[in-house]
Every structure is written in C-alpha cells, then in structure tokens.
Amino acid sequence: MKYLVILVLCLVGALAHCDKAPFVKTAWESVKHNEVDILYAVFKEYPEIQARFPQFVGKDLDNIRGSAAFATHAVRIINLLTEVISLLGNSSNIPAINNILNDLANNHKSRGITKDLFVKFNAAFINYMRAHATWNNEIEAAWNAVSEENEKIVYAIVA
Ligand code: HEM
Ligand SMILES: *[C@@H]1O[C@H](CO)[C@@H](O)[C@H](O)[C@H]1NC(C)=O
C-alpha cells in the first residue's frame, strides 16, 4: 500500500525527488538496439537533419540505410543516449550527465546545428519511442520530465 501511494504521488509529480529513472530505463531497454531504425525514422521525418551530414546529404535514405557509415553514426548517437540514461537516478551522476550534454551541444554548435534542428530531432525521436518502445502514460510522463531537464542544457548552448 505504501508503495502504491508513493507510485501514485510520483506519477502526478507531487514528490519533487521522485525517481523517474526506472521508467525511462525500461522504455530505453526495449529499443536501444534499434540504432539504425531510430536514425532512419529521424531522417525520414526531417530530411533537413539528414542534409546536415556531409556523408549523407543528397543521398537516398533507403539506399544509405544499410551502409556501414549509417550504422556507425546511428550507434554513436544511441550510445550517447544509453550512457546518459545509465547515469540517471543517482544524483551523484548529475555533473557527469551535464558534461556529456555540454560536450554534445558544443560539438554541434560548432557545426552550425541550431536549436530548431534539435527540437525536430526530439520530436521524431519521441514519435519513434511512442510507436516502438515499451510505453504507457507513466513512462511518457517520466520520459518527458527527464527529456525536458536534459534538453534545457543542450538548448541553452545551441540556441
Ligand atoms: C539535431 C540534429 C543533429 C544534427 C544535424 C547532427 C549532426 C551531426 C554531424 C554533422 C556530425 C558529424 C558526423 C561526422 O562527421 O561523422 C555529428 C556527430 C555526432 N552526433 Fe550529431 N547531430 C544531431 C543530433 C544529435 C543528437 C540528438 C545526438 C545524441 C543524442 C548526436 C550525437 C552525435 C555524436 C555522438 C556524434 C559524434 C561525436 C561528435 O563528433 O560530436 N547528434 N552530428
Ligand atoms: C552513484 O554514483 C556515484 C558516482 O558515480 C557512485 O560512486 C555510486 O556508487 C553510485 N550509487 C549507486 C547507488 O549506484
């Protein structure tokens, strides 16, 4: 009973330090090996993102999907997300998460990647999650809350 009450308070966001991490981890476990599928879904929904990659610009998405270069890049993106998600749920890891996100934002800012492209990336990404991950309202709420915190860090830099 005690746990049910905590869970319900957690879901309505009434407990400030409620642990959303397990919900996020469950969803991520179910799709984290779909690297190529995820990048494909992002490029398909927003060709303007694909167009920013020197190695993919102007190429047919269905042709490059099976290439080694595509897999390599998909794995890089997904591994970064896997690393961040693995650090969630332990407040000692907050500085490490901030470092990863700061580096990501700075690396991309120096390539001229702006906030609007990250917003689009995130929109396509959440659509992928809704359609393919272990998902329900509780996971959606936890996922949105955690994403919002992390996006704030990236958006402040890429602007
Ligand atoms: C918002 C749209 C994005 C664009 C247009 C973009 C574009 C790029 C480009 C052009 C590169 C260099 C690729 C190369 O030369 O091989 C790159 C590298 C990389 N991207 Fe992105 N990216 C985006 C979002 C993301 C996101 C959301 C993540 C992870 C969550 C990510 C993770 C990485 C990683 C790990 C690398 C390799 C390390 C580095 O060079 O920074 N990217 N990205
Ligand atoms: C939390 O993270 C710190 C720093 O990474 C680590 O030393 C500690 O063992 C972690 N605690 C738990 C419960 O995982």
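**View 1. Helices H3 and H6 each supply at least two residues to the lining of the largest cavity.** The model is predicted, with local features needing pLDDT of at least 70, side-chain atom pairs counting only at pLDDT 80 or more, and totals for chains, interfaces and linings using all residues. Residues are numbered from 1 along each chain as its sequence is written, chains are lettered from A and ligands numbered from 1 in the order written, and side-chain values use heavy atoms, without hydrogens or water.

**View 2. The largest pocket has a volume of about 1,000 Å³.** A pocket is an open set of points with protein on both sides within 12 Å along at least five of seven lines. The largest pocket is lined by 35 residues, and those nearest its centre are Ile77, Leu81, Leu104, Phe118 and Phe121. Two or more lining residues come from each of helix H6 (68–87), helix H7 (94–109), helix H8 (115–132) and helix H9 (137–158), where a helix is a DSSP run of H or I with at least four residues. Among the elements, H9 gives the most to this pocket lining, with nine residues. The pocket lining comprises 22 nonpolar, eight polar and five charged residues.

**View 3. Helix H6 carries a set of buried residues, among them Phe70, His73 and Ala74.** Buried here stands for under 20% relative accessible area, with a 1.4 Å probe and protein chains only. Also buried in H6 are Ile77, Ile78, Val84, Ile85 and Leu87. Beyond the helix, H6 is followed by glycine 89, whose phi is positive, near 90 degrees.

**View 4. The iron atom of ligand 1 has a single donor from the protein, His108.** The donor atom is NE2 of His108, which lies 2.0 Å from the iron, donors being N, O and S atoms within 2.8 Å of the metal (3.2 Å for Na, K and Ca). Histidine 108 is found in helix H7, one of the helices that give two or more residues to the lining of the largest pocket.

Conventions
1 Å grid on protein atoms, 1.4 Å probe; cavity = no way out; pocket = protein on both sides within 12 Å on 5 of 7 lines; lining within 4 Å. Points joined across faces, edges and corners; volume = space filled by probe spheres on them. Nonpolar A, V, L, I, M, F, W, Y, C, P; charged D, E, K, R; others polar. Buried < 20%, exposed > 50% of the residue type's maximum accessible area, 1.4 Å probe, protein only.
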